[in-house]
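Here's a quick briefing to read with the model open beside you.

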Amino acid sequence: MGKFWVIFVASISILLPFLCNSFSPETPTDRRVLVLLDDFAVKSSHSSYFNSLKLRGFDLDFKLADDPKIALQRYGQYLYDALILFCPSVERFGGSVDVAAIINFVDSGHDLIIAADVNASDLIREVATECGVDFDEDPSAMVIDHTGYAVSETEGDHTLIASDDFIKSDVIIGSKKIEAPVLFQGIGHSLNPVNSLVLKVLSASPSAYSANPLSKLSTPPSLTGSAISLVSVVQARNNARILITGSLSMFSNRFFRSGVQKSGSSTKYEKSGNEQFLTELSKWIFHERGHLKAVNVKHHKVVETDEPALYRINDELEYSVEIYEWSGTSWEPYVTDDVQVQFYMMSPYILKTLSNDKKGLYSASFKVPDVYGVFQFKVEYQKLGYTSLSLSKQIPVRPYRHNEYERFIPTAYPYYGAAFSTMAGFFIFSFVHLYNK
Amino acid sequence: MSNSYTSDILKPFKLKTKQQELLIRVLILCLVYILAFITRLFSVLRYESMIHEFDPYFNYRTTLYVTQHGFYDFWNWFDYESWYPLGRIVGGTLYPGLMVTAALIYRLLHFLRFAVHIREVCVLTAPFFASNTTLVAYFFGKEIWDSGAGLVAAILIAVCPGYISRSVAGSYDNEGVAIFALLFTFYLFVKAVNTGSLAWGLASAFGYFYMVSAWGGYVFIINLIPLYVLVLLITGRYSMRLYVAYNCLYILGMLLAMQIRFVGFQHVQSGEHMAAMGVFFLMQVFYFLDWVKHMLSDTNLFQEFLRITVTCAVAVGGIALGVGMASGYISPWTGRFYSLLDPTYAKDHIPIIASVSEHQPTAWSSFMFDFHILLFLFPAGLYFCFKRLSDATIFIVMYGLTSMYFAGVMVRLILVATPAVCLISAIAVSATVKNLTVLLRSKTKVAQIGSTKGTSSAKASSKASLDQSQPFQKNGAMALLFGAFYLLSRYATHCTWVTSEAYSSPSIVLAARGAHGNRVIFDDYREAYFWLRQNTPLDAKVMSWWDYGYQITAMGNRTVIVDNNTWNNTHIATVGRAMSSYEDEAYEIIRSLDVDYVLVVFGGVTGYSSDDINKFLWMVRIGGGVFPVIKEPDYLVNGEYRIDKGAAPKMLNCLMYKLSYYRFGEMMTEYGKPPGYDRARGVEIGNKDIKLEHLEEAFTTSNWIVRIYKVKPPNNRW
């Protein structure tokens, strides 16, 4: 009996890490990914992309989008950490999945990749709209570029675009420069101006426009120039990341392998930039890069170590926080010189850059302003590509106690003298007056 | 035989007339003392032993703090649960007299091994001090008239509704002890003036100190007494007694008052206290002149000297005042003080003062309600005072007249006038009754004397009675006595009725008559505050109109943005602006103040009329006073305040309207009326389809009186 228990406990303790290796604040990289497809043919035609994900340790679960058994959560627990929608034409998801379920999935901190295409369904458009981008309303419109197209066999087809107008962020698209242009063929979208979180990662050239390539252009196209976004990302406030693109074929093996030559340019690349661009981008989307965490927020008076319940005005204090970046496998110290702390009450009274010790510990020391009230230590670190750090810690600041003022002030000595001499004088006067008849 | 034996036994106990009178007087005073206490217990009987209204909740919370943390922590208490994020230095912004008194009573009771809860002490503090006031009224009446007037004054003040309104059990407010302190100070001062004793002057200084520690109304004392002294000087009643009494009160009282942190240097710097200082210097000049007059025998020389001195003194005083004002050393009068002198001032300049219902000018009906027959006895008493003018009666006349003026300016100051009105009325009652009884008794006495002494003096006595008496004099006196008895009994009935019906409501628990005449209790406020206490995070910030701030911190134990200590007009205006803006604009303000919950009071379901919609125009005015983007005409239609279909569009979509009427359009409130019928205002609401974007309903009490909304975090993907 005892032996049985030992085996049971041992097996639990061995299994536990495996049971728990899903997404968590401690290991932010996604593990389980649900891929919804229109057709299982995509699985093989886009196998390079999927394989690169599998090689990085992701557990891909391929399902048809209208499979009645698909479900994002069971018993209140999400079954997946990320969702890839490679199903541009799906009219209705199977199972319990709908737009609200997908939005809830994102709002509870999970990642999403959406690839639409020409004739994208209303469902996919709706999901994209919820994420802050609007696909061209004309269902058969494609992005056309008569100057920035990729040279190909079929002369006059300017819907295959070679674009190299990337976002300037090493965190999002990797530090290695993407030499070759990226091939794109599909529908364009624009960013909702109200949404401040959506970013254009790959935008079309100024000469591009969005229209139906088969019909004659009778009215001016609604989307033109670099307002057209080819690939966009969103980092939600809860740090869920979303990738939206209007081209499913971008991810295909064919585009990954084909060479590319941009029109008007003499350089011909053996291999398009798609593989590098999309793989690096997926690293960002799945939190293998640019994910920060702040721990051990501490503050105390300069000479003490314990955190007080409140400060007094003009106290000297020290504030420290540890910031780490997730490297994909472990937490590495995050080193930068632009993290600032605010001592904030309605507006920042003190704004100070934190100095770091190259091991992730950021600290600053300053003097509490001569103002009492309920202050906050605020660190609002929002840097392009990184998860946003928003730390605030409330701390009241009290005025002096009645016995914390100076007891005797040098400038007041004349008054002390006056008071005491009056008292002495009064005493002498009384004495003289009473006994000197 | 047995008869004489018992009388022998009782002989040592037999009292002389004087002693009998004393016994009766003490007995009456004891009964009055008890009466004053128990008549104030109606509220406990009707509801329960609880703290009433708004401000008392703050006082209760601070008292709790004193008893738990001791005096010095209370003195230095920085309260970060109110006025988020500014906080409030409680110790330096309140009058600690009430809390310290209650804490001392609590300590004393515990020392005597009575394990009472601090709440019970707080609830019963005001009745206890009201009882003490009756004693002071007796002595005061005795000082200015005679002991009979004192007794009547004690009885009148014991049940006078004007005083009861602020001192029922549970009304744990500064006024509860302050009226006692006020009257006590006046009594001691008058005693000091009458006797010229330094000891009484010292006592009055301490009385003044207690008053300063208890209530901001001490300003009334420090202005009335100089005014009184000035009147005595002008009428040529200057005396050494007055000099001693006033100087002792002013100097020692000032030094003591400056020990209260909230007053501090204001006592020598602010405009309200300048009159006292001016009169103080004037007294010195007077004394000096008196001395010079005494030294100089030549009148002409003295006249010349007088002219020069007075001119110089006035000039120096004027220059000092001018320089002080210009340099900012002497602060100008506060808005509240101005609004006393000029009742229209607050309405035009400071909406936050005008918005408080107890700062409104008094209606005639409330004089009648609070004073009843005293209103008619008051002039009669003045007549008697003028007939027997003395330093003391001049004082009570001045107190009566000035306080009556202030009572007319502000409803709440009826309270200050009440003791004066009671005292002066008592003089009228006492003098009248005394005259009548003397008339009655003298006649019988004369008859008796006539019968006993026989015929020898009968002629003389009958002559005397013929001389002084008119026909039916005795009957007339009897009738008048009965009339007085009838009026006084009506007064007693009225007072009891007012106390039980009008002034015993805690206003935090509402009572109404149901359809079948049964009593319905709405306990929604406490339900809501308890919900806050139980269901929200400890550091949650609640935004509401400032009326409910004290209650939320005391009962809900949550941080509030603004509360009834209206010290920061801008902060209140910010809340007023949020309430009167559209939801998305309000959301910006709400986020900037870190608000987690918004609380509104709504009476549309129950017909409770003092809710936030009825207060809303004040929010607009106060908000608009600081932020001109809020304009009152935007919320009115042709100058009319409406909430139905014809209401202004901004009104129908502002945050306060939305929060009050959210989902109200689905509700049937009254049979035979359309859904969304507002019973407090008697109209069908104009916007029934209210959608909230940034807030969500968190809790609504069972009668919808309090509605709490949770502020949603910003949209995740936008």
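Y75(A) sits out in the open in this predicted model: its relative accessible area is 79%, so this tyrosine counts as exposed. Its phi is near 50 degrees, a positive value in a residue that isn't glycine. To find Y75(A), look in the loop between β3 (73-74) and β4 (77-78) of chain A.

- Most residues other than glycine have a negative phi, and most peptide bonds are trans.
- H287(A) is another non-glycine residue with a positive phi, this one near 65 degrees.
- Is H287(A) buried or exposed? At 1% relative accessibility, H287(A) counts as buried.
- The loop that holds H287(A) runs between α8 (274-285) and β18 of chain A.
- Over in chain B, the peptide bond from Y84(B) to P85(B) is cis, with omega near -5 degrees.
- P85(B) belongs to the loop between β1 (78-79) and β2 (88-89) of chain B.

**How chain A is divided**

**Chain B at a glance**

- Chain B has 32 helices and eleven strands.
- Its C-alpha atoms fill a box of roughly 115 × 75 × 60 Å along the principal axes.
- Of the 718 residues in chain B, 52% are buried.
- UniProt, in an unreviewed entry, puts "domain: Oligosaccharyl transferase STT3 N-terminal" at residues 24-424 of chain B. That stretch is 74% helix and 1% strand, with its end C-alpha atoms 23 Å apart.
- UniProt also lists "domain: STT3/PglB/AglB core" (unreviewed entry) at residues 542-598 of chain B. Here the make-up is 53% helix and 11% strand, and the end C-alpha atoms lie 6 Å apart.

**A helix to look at: α12(B)**

- Helix α12 of chain B covers residues 218-234, 17 residues in total.
- At 1.5 Å a residue, α12(B) should span 24 Å, and its end C-alpha atoms are 25 Å apart, which agrees.
- Why call α12(B) largely enclosed by the rest of the structure? Because 13 of its 17 residues are buried.
- After α12(B) comes G236(B), which has a positive phi near 75 degrees.

**The second largest pocket**

- This pocket has a volume of about 1600 Å³.
- Of the 50 residues lining the second largest pocket, the closest to its centre are R237(A), S390(A), R591(B), P713(B) and P714(B).
- Which elements give two or more residues to the lining? From chain A they are β14 (229-235), β18 (291-301), β26 (373-381) and β27 (389-398), and from chain B they are α29 (583-592) and β11 (706-711).
- β27(A) gives the most to this lining, with six residues.
- Sorted by class, the lining has 20 nonpolar, 14 polar and 16 charged residues.
- Domain 1 and domain 2 of chain A both give residues to the lining of the second largest pocket, so it lies between them.

**The cavities**

- How many cavities of 30 Å³ or more does the structure hold? There are two.
- The largest cavity has a volume of about 50 Å³.
- From chain A, the largest cavity is lined by Y344(A), M345(A), M346(A), V374(A) and Q376(A).
- β22 (340-345) and β26 of chain A each supply at least two residues of the largest cavity's lining.
- That lining has seven nonpolar, two polar and one charged residues.
- The second largest cavity has a volume of about 30 Å³.
- Lining the second largest cavity are R398(A), P399(A), Y400(A) and R401(A), together with N76(B), I89(B) and R261(B).
- By class, the second largest cavity's lining has three nonpolar, one polar and three charged residues.

Conventions
Residues numbered from 1 in each chain as written. Chains lettered and ligands numbered in written order. Predicted model: local features only at pLDDT ≥ 70, side-chain atom pairs only at ≥ 80, totals over all residues. Heavy atoms only, no water. UniProt positions renumbered as here; feature names shortened; annotations may be inferred. Helix = DSSP H or I, 4+ residues; strand = E, 2+ residues; numbered from the N terminus. 1 Å grid on protein atoms, 1.4 Å probe; cavity = no way out; pocket = protein on both sides within 12 Å on 5 of 7 lines; lining within 4 Å. Points joined across faces, edges and corners; volume = space filled by probe spheres on them. Nonpolar A, V, L, I, M, F, W, Y, C, P; charged D, E, K, R; others polar. Domains from an automatic or database assignment. Expected span 1.5 Å × (residues − 1). Buried < 20%, exposed > 50% of the residue type's maximum accessible area, 1.4 Å probe, protein only.
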